[in-house]
Amino acid sequence: MNRDVAITDSFGNLSRFLIQELKPRGPWLTPFNVISIPVILTGLGILVYRFIHGLGSVTNLTQETPWGLWMGFDVITGVALAGGAYVITFVVYVMGVDKYHGIVRATVLNGLLAYTFYGGALLIDLGRPWNAPNPYIGNSFGFSSVLFLICWHFLLYMVAEFVEFSPVIAEWLHLEKAKRVLKKLTIATVVLGITLSILHQSGLGALFLMAKPKIHPLWWSEFIPILFFVSSIYAGLAMIIVEGTISHRVFEKLIPAEHHHHFDDIVFGLAKGAAITMIVYYFFKALLFIHDKQWDLIVDGWGLWFLVEVIGFVLVPALMFAFGFKHRSLNIVKIAAVMALIGIILNRLNVSVIAFNWYADVHYFPSWQEYVVTFMVIFAELWVFRWFVTRMPVFSSEH
Amino acid sequence: MDRRGFLKTSVLVGGTAIAGKKLNAQENQNSAEFVGILVDTTRCIGCRACEVACAEEHDMFVPDVVNDGAFEQVRKTSEKQWTVVNKFETEKGDVFVKKQCMHCYQAACAIACPTEAMKQTDHGPVIWRGNKCIGCRFCMVSCPFEMPKFEYDEWNPKLQKCTMCFERLEEGQKPACVSACPTDALMFGTRVKNLEIARHRIYSYPDQYVHHIYGEHEVGGTGYIYLSAVPFDQIGFRTDLGKKAYPEYTKEFLYAVPMILFGVPAFLLGLNALADASRSVPESEFTLEFDVDKEEKKR
């Protein structure tokens with residue numbers, strides 16, 4: 001009897017606690033809110049229109065360019081930028097490097113939210129999203145499809161990321177026992193998560209293997225999967241540097257003082273890792289270029305564009321990372337991180353959108369609605385990220 | 001990893017490798033069973049009866065072949081038209097070429113499809129099944145001939161492309177376009193038979209044809225094969241697609257998946273065991289954590 005009362009009571013407490021936590025906090029009229037709220041509302045309006053009148057009513061997609069900004073940026077670029085979670089969990093949990101423990105929670109949360117929202121973006125882009133459960137249930141398994149694999153990996157990876165993050169949720173709800181149980185699952189989900197990441201990061205590249213006749217030869221290679229995987233490592237590292245730097249400004253009060261100092265040290269460590277992977281990636285690119293004897297392709301505008309990407313936004317930031325690490329210059333490292341991210345965005349968009357159907361007379365260019373929806377996805381993710389970090393112990397060093 | 005774990009992994013990897021053989025099944029099948037259509041462009045008079053028959057058969061927009069002036073430009077198939085006939089001015093006069101899904105014998109679209117909505121039927125024709133399709137358009141990205149067309153202006157879009165009149169074939173009839181062709185420019189039959197006819201015509205009239213059957217080897221062989229009096233790049237065909245069947249491009253990746261799926265966790269757990277063994281954590285590191293905890297509680 002008493003116990004029943006206690007349970008109802010604690011349930012009442014929990015729901016009251018949840019309602020309290022769901023309420024918005026802090027000032028409303030911040031610059032971020034002023035920009036993001038109209039964008040999100042417009043984006044939602046565009047989506048309603050899109051589901052009534054079809055994809056063609058809001059996008060510039062054509063029969064020749066079936067994948068545009070939504071697939072190219074939200075899904076293919078976004079997933080590369082979310083690579084930090086598997087790299088950091090590898091370093092911390094598999095290799096046992098404690099130095100980076102302080103950023104694990106924020107990075108895993110970022111990964112989890114990125115996949116949730118980019119998975120969501122994929123649904124927006126699907127022509128028949130109500131059939132989206134088909135790859136998961138029933139007799140519609142396209143085992144030999146790269147996209148089938150990616151569908152499954154996205155789902156499983158989100159589950160793995162959620163389990164990795166769940167101790168923080170348990171801590172927030174003051175469920176000590178649950179937290180202890182969930183923490184025991186960490187190493188298993190980390191191993192699973194890294195494996196799935198290797199496969200779907202490279203898998204996103206494998207999506208374009210059969211598009212060989214449509215992609216400019218400077219960007220198509222049978223090794224796209226490996227290139228995508230290697231570049232996702234430094235994309236993740238650069239993203240942690242940029243995102244961490246912004247977080248340390250915006251959420252300054254939430255972050256323990258020791259962390260502020262410790263973070264610089266972490267950034268230099270990440271810079272070293274990024275420099276090495278970028279040099280390796282550049283070496284791969286150069287090797288493929290020389291091996292395929294592509295010298296005569298370099299002379300026109302596409303060749304120049306290729307050099308901008310590979311030298312301007314891979315080799316240069318790689319050297320800047322190395323220089324910044326050696327001379328302990330935070331600023332150079334941070335600029336290098338931003339440049340590396342631009343390089344990743346360029347590369348993914350080049351493969352999936354820009355150099356796709358490069359010979360066409362009329363080239364695809366995204367509509368304003370496609371841009372708005374893309375920003376909507378990013379802003380919505382930032383809103384949810386902000387909600388998490390202001391309520392849960394994401395930045396604390398407890399582990 | 002212990003011995004039991006290793007055995008388990010080996011069995012799983014082995015099992016997947018055996019299952020993986022299915023990817024190659026089409027190569028092993030007797031290709032005599034495959035059907036297709038031979039298009040002899042030297043016989044085509046550009047009457048476009050095939051366009052009309054196709055539209056009527058599939059309840060689509062029927063073109064006004066007399067008045068619409070369609071030959072003024074080179075047209076593509078669309079979500080409203082599964083087949084089009086184009087006119088090309090060449091050194092040997094006007095050449096008319098019918099265009100539609102090529103029905104590759106190892107179809108990239110069917111391999112790309114995550115839900116088997118694009119499906120290669122047993123005798124070759126590639127069909128689309130709406131109840132399975134999620135509308136991802138990966139078939140469009142993968143098709144070397146850009147044949148699947150998407151209804152961008154529909155809330156419930158379909159993928160539209162020639163099905164080689166799959167339903168008619170089931171009933172023992174010929175495809176609508178073949179039945180409608182007045183000059184036998186289109187001939188329906190098994191792949192082997194069509195190739196024999198095509199070769200026979202080249203041997204019999206060596207001056208009338210270029211000695212190449214488009215679709216015999218292109219992208220691993222297609223259901224539609226073409227004869228022509230002029231080189232194929234002059235009548236709107238891509239000649240740079242290669243002889244490799246397109247599913248081959250992703251085969252290595254797909255074969256690597258089970259290896260990675262089982263190999264990498266073993267590798268990671270091994271690394272983890274090594275790292276644990278070599279790491280001796282000094283006491284002092286833990287005191288820092290406790291300090292932070294205390295600070296948090298104070299707040």
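The discussion below sets terms against the values behind them.

Mentor: Please bear in mind that this is a predicted model.

Trainee: What makes A:Glu164 count as buried?

Mentor: The criterion is 20 or more other C-beta atoms within 10 Å. A:Glu164 has 29 C-beta neighbours inside 10 Å, so A:Glu164 counts as buried. This residue is found in helix 6 of chain A.

Trainee: Which residues is A:Glu164 in contact with, leaving aside its neighbours within four places in sequence?

Mentor: The cut-off for a contact is 7 Å between C-beta atoms. The contacts of A:Glu164 beyond those neighbours are A:Thr89, A:Val108, A:Thr186, A:Thr189, A:Val190 and A:Gly193. As for A:Tyr234, 70 residues separate it from A:Glu164 in sequence, and the two C-alpha atoms are 22 Å apart in space.

Trainee: How do you know that the length of helix 11 of chain A agrees with its number of residues?

Mentor: The expected span is 1.5 Å times one less than the number of residues. Helix 11 (residues 301-326) of chain A has 26 residues and should therefore span 38 Å; its end C-alpha atoms are 36 Å apart, which agrees. After this helix comes A:Arg328, with a positive phi near 50°.

Trainee: What do the buried residues of helix 11 of chain A pack against?

Mentor: They pack against helix 10 (257-291) and helix 12 (330-354) of chain A. Among these buried residues are A:Phe306, A:Val310, A:Phe313, A:Val314 and A:Pro317. In general, an α-helix has 3.6 residues a turn, so residues three or four places apart point the same way.

Trainee: Turning to the other chain, why are strand 8 and strand 9 of chain B said to stand at the edges?

Mentor: The open sheet has three strands in the order 8-1-9 (chain B), with mixed pairing. Strand 8 (186-190) and strand 9 each have a single partner strand, so one side of each is left without a neighbour in the sheet. On average, neighbouring strands of this sheet are turned by 25° against each other, direction ignored.

Trainee: What makes strand 1 and strand 9 of chain B a pair?

Mentor: Pairing requires at least two bridges. Strand 1 (residues 35-40) and strand 9 of chain B have four bridges, in the parallel sense, and therefore count as a pair. In strand 9, B:Ile225 is the bridge partner of B:Leu38, while B:Tyr226 stands opposite B:Val39.

Trainee: Why are both faces of strand 9 of chain B called covered?

Mentor: B:Tyr224 and B:Tyr226 lie on one side, B:Ile225 and B:Leu227 on the other, and all four are buried. Side chains in a regular strand alternate between the two faces of the sheet. Helix 8 (residues 191-204) of chain B lies across strand 1, strand 8 and strand 9, running at about 130° to strand 8.

Trainee: What joins strand 2 to strand 3 of chain B?

Mentor: A hairpin joins them through two residues. Strand 2 (residues 84-90) and strand 3 (residues 93-99) of chain B pair in the antiparallel sense over seven bridges, with B:Lys99 the bridge partner of B:Val84.

Trainee: Finally, how many residues does each chain bring to the contact between chain A and chain B?

Mentor: Chain A brings 52 residues and chain B brings 55. Helix 8 of chain A gives the most to its side, with seven residues. The side of chain A that touches chain B comprises 30 nonpolar, 16 polar and six charged residues.

Note on methods
Residues numbered from 1 in each chain as written. Chains lettered and ligands numbered in written order. Predicted model: local features only at pLDDT ≥ 70, side-chain atom pairs only at ≥ 80, totals over all residues. Contact = placed C-beta atoms within 7 Å. Nonpolar A, V, L, I, M, F, W, Y, C, P; charged D, E, K, R; others polar. Buried ≥ 20, exposed ≤ 12 C-beta atoms within 10 Å, placed from the backbone. Axes fitted to C-alpha atoms, helices over the stretch in contact; angles between N-to-C directions.
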